[in-house]
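Thank you all for coming; I would like to walk you slowly through one structure.

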Amino acid sequence: MDAKETIAVLDFGSQTAQLIARRIREQNVHSELLRPDIPAADLKARGVSGIVLSGGPASVYVQGAPDCDAGIFDLGVPVLGICYGMQIGVQKLGGVVEPTPSREFGRTKLTMLEAEGLLAHLPDESTVWMSHGDQVQRVGPDFVPLATTGTCPVAAVRHRSRPFYGVQFHPEVTHTAFGTQILRNFVYDVCGCTGAWQMGSFIEQQVESIRARVGDAKVICGLSGGVDSAVVAALIHRAIGDQLVCIFVDNGLLRKNEAELVEATFRGHFHLDLRVARAGERFLGRLKGVTDPQEKRRIIGHEFIEAFNAEAKTIANAKFLAQGTLYPDVIESGASVGGKADVIKGHHNVWGLPADMKFELIEPLRDLFKDEVRIVGEHLGLPEEIVWRHPFPGPGLAVRILGEITEPRLAMLRDADEIVIEEIRAGNLYRSIAQAFAVLLPISSVGVMGDGRSYDYTIAVRAVETRDFMTADWVRMPYEVLAVIANRIINEVRGVNRVVYDLSSKPPATIEWE
Ligand code: XMP
């Protein structure tokens, strides 16, 4: 890897700053987010090939608005300003930024004035995505406007003598038809990158930095069976081997063979130091008679922390706790590199740590999106079954059994769930579905089995497609697959005589039933 080939993205608090870095990484050029006020000398020392100034929620002419070191425009390194980033650059280099008469959000038509350099290979007209309240109103003779829209006279611009470019629209979002082309033009043609970087280099970099940070201390990592914690464990294990200790809490609420898969993968294949806290009985004891969903979650959360910490306390010299926090968790919690992004909602990925256990956090996947994490997992040699696993809630099957949780109900649900997944895999649908599972309803209904009357439970089958799990739609599943699922559940799972398919989308329903 060419160490020089890094594009720095200075994050002014944009919801899409990380997306810019990711789009650049997709072009096989390394990119990372940095604080907006990083000194120009630091950027020079890092030897960055280019700098992107992200958008942001502030107005450049308001006092206290996030700023950057003006020295970055003197480094001779190409700078691309996006939205707020363009306004900052133009303002510092002598242009005028003003509020627009009406804030502009959404798709608009871009008309080209100079289709070369940054905007090479773009048609005369194309769709771009705007989201701004201010815009560059006038540029002096030092600038060349490159494109316009109906309401934005300077939608793209370059400086005549310095390598500064700006776009008022957002090339990083998919709604901008030629956005990827623009970023590609910037990193390859303007910055002169060669594209030698791949996810494998991400692993090498992380391995190096984890080794340097951890020294000879121990790192604890909680495995959940899901892809994120699995990738974190595999990555850290590659860096520090036996200094990593993983804790897996078997809460008795797992899917069929889940604990076995985790043990086989991590102890069997990776030879990793895996401690399994078998706490199923304890969890089920605490959940006896509990039917309220929030109460279930509270008890499970509490017991999890107890079980995890009891195990963690037995590990000497443990200084670090590794977590599978991903970029969407970071942005949802409102944290940006510059600490300025607006809060959308709090995230639930961080466990409560006991006050007497002071760990430093290691979160190697903080900059990545889920699909990037899966690529890293594949590079690290994790089995496909883990890398492509559908997400599973922390409270496990407890939130998929409506009403009280008992061993016989858990057994029924596990069997039904296994059939749902088997048939979805057999139909080659597993990867195209975001999440599929069975839910046990506390409803008995009348049926006939053989010559006799039955009065048994109902299973609801849920399958959703979604990109971000914030909104979701039910999957238009082929009838043949549904028919086999229903038939098998009714025939093979004792105690169930009826199967229904959930046709609700989110919102207003949620993905889980509780
Ligand atoms: P909902 O049901 O809120 O689920 O539409 C959205 C996504 O989050 C998962 N989920 C959870 N994950 N702890 C978790 O770790 C939880 O308490 C929890 N509740 C829901 C759910 O499976 C879906 O992927």
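Predicted model: local features only at pLDDT ≥ 70, side-chain atom pairs only at ≥ 80, totals over all residues.

Residues are numbered from 1 along each chain as its sequence is written, and side-chain values use heavy atoms, with hydrogens and water left out.

Let me start with the sheet, which is open and consists of 5 strands in the order β12-β11-β10-β13-β14, with parallel pairing; strands here, of at least two residues (E), and helices, of at least four (H or I), are DSSP runs numbered from the N terminus, and two strands pair if DSSP finds at least two bridges between them. At the edges are β12 (273-278) and β14, each of which pairs on one side only, and from one strand to the next the twist averages 30°.

Within this sheet, β10 (residues 218-223) and β13 run parallel and are joined by 4 bridges, with Ile220 partnered by Leu321 of β13 and Cys221 by Ala322. On to β14 (residues 360-362), which pairs with β13 over 3 bridges, and where Leu361 is the bridge partner of Leu321. How many of the 5 residues of β13 are buried? The count is 4, in a strand that spans residues 318-322, where buried means under 20% relative accessible area, exposed over 50%, and partly exposed in between, with a 1.4 Å probe and protein chains only.

Turning to the cores, a nonpolar core is a set of buried Ala, Val, Leu, Ile, Met, Phe, Trp, Tyr and Cys residues joined through side-chain atoms within 4.5 Å. The largest one has 54 residues, and those touching the most other members are Ile220, Leu253, Ile424, Ile459, Met477 and Ile489; helix α13 (residues 407-426) supplies the largest share, 8 residues. A second, separate core holds 45 residues, among them Val227, Ala230, Phe320 and Val376.

Helix α13 also carries Asp417, which is buried yet has no salt bridge, the nearest side chain of opposite charge being Arg400, 4.4 Å away. By salt bridge I mean a side-chain nitrogen of Lys or Arg within 4 Å of a carboxyl oxygen of Asp or Glu; Lys and Arg count as positive and Asp and Glu as negative, while His and the chain ends are not counted. Beyond its neighbours within four places in sequence, Asp417 is in contact (heavy atoms within 4.5 Å) with Arg255, Arg400, Phe437 and Ala438.

Finally, in helix α11 (residues 370-379) the buried residues are Glu372, Val373, Arg374, Val376 and Gly377, and they pack against α1 (17-25), α5 (199-214), α6 (227-240) and α12 (384-387). Just after this helix, Gly381 takes a positive phi of about 85°.

Notes
Axes fitted to C-alpha atoms, helices over the stretch in contact; angles between N-to-C directions.
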